[in-house]
Amino acid sequence: MSFVRVENLIERPEAVEQLARWHYREWAHLYPEQSLQDFTEDLQRSLRGAPIPATWVLVDGGSVWGSASVIEHDMTINCHLGPWLANVYIHPDKRGQGLGRLLVAAVMEVCRKNGLNELFLFTPAQEYFYQRLGWTLLKRELYQGDTVSIMTTRLQD
């Protein structure tokens, strides 16, 4: 493996289209009202330089292999919770190498340094992955036909 790093999407704006395709393919069933264009526009909002929304990419060998975002809202329910860790994606060719853990930890650290106290996420299948990173389960519920885990983590002591 070459030198793996986490960069703000602002440094890799050319990655927006590819990331949007990956995200759409992976999660469109959870956002049935959204199109590929909506996924693209959501990522483009991360290029404005605001703390939220923001997206980071995993770069290895000059190529983008994954992403993670922090957004205001990620569900049509639980709108009282936020901000949300979202779009945590590692390309299938790179999974199982600890890169997801590296990416999520880096994003959590940036959020902590930016003064965020807490993050939330929802996941249909990766509860154990996030628990190993210190996230705790708030509840499980049915969302868009999937049972999902709503999780949280404290960033400040």
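This is a predicted model: local features need pLDDT of at least 70, side-chain atom pairs count only at pLDDT 80 or more; totals for chains, interfaces and linings use all residues.
**Entry 1**

Residues are numbered from 1 along each chain as its sequence is written, and side-chain values use heavy atoms, with hydrogens and water left out.

I then checked what Lys 94 does with Asp 60: they form a salt bridge, with the closest N and O atoms 3.0 Å apart. My cut-off is a side-chain nitrogen of Lys or Arg within 4 Å of a carboxyl oxygen of Asp or Glu. Lys 94 sits in the loop between β4 (84-90) and α3 (99-113), Asp 60 in strand β2 (residues 54-60), and the two are 34 residues apart. Helices (H or I, at least four residues) and strands (E, at least two) are DSSP runs, numbered from the N terminus.

Lys 94 also lies over the face of Trp 65, at 4.8 Å from the ring centre. For this I ask that NZ of Lys or CZ of Arg be within 6 Å of the ring centre and within 35 degrees of the ring normal. I found Arg 95 doing likewise, its charged end over the ring of Tyr 89 at 5.2 Å from the centre.

**Entry 1: strands and their charges**

I followed β7 (residues 146-154) next. It pairs with β5 (residues 118-123) in the antiparallel sense over 6 bridges, and with β6 (residues 136-143), again antiparallel, over 7 bridges. Pairing here needs at least two DSSP bridges between the strands. The β6 and β7 hairpin has 2 residues between the strands, and Gln 144 takes a positive phi near 55 degrees there. Tyr 143 has Asp 146 as its bridge partner in β7.

Which residue of β7 stands opposite Glu 118? I read off Arg 154, and the two side chains also meet in a salt bridge at 3.9 Å, N to O. Glu 118 lies in β5 and Arg 154 in β7, so the pair ties together parts that are 36 residues apart in sequence. Glu 118 is partly exposed at 26% relative accessibility, and Arg 154 is exposed at 52%.

I also noted Lys 139 with Glu 141, a salt bridge at 3.6 Å, N to O. A search of the whole structure gave me 10 salt bridges. Arg 5, Glu 7 and Arg 12 are linked in a network of them.

I counted 10 aromatic pairs (Phe, Tyr and Trp rings, the six-membered one for Trp, with centres within 6.5 Å; stacked under 30 degrees, edge-to-face over 60, tilted for the rest). Tyr 24 and Phe 39 are edge-to-face, 5.3 Å centre to centre with 90 degrees between the planes. Tyr 24 is in α1 and Phe 39 in α2, so this pair joins parts 15 residues apart in sequence.

Note on methods:
Buried means under 20% relative accessible area, exposed over 50%, partly exposed in between (1.4 Å probe, protein chains only).
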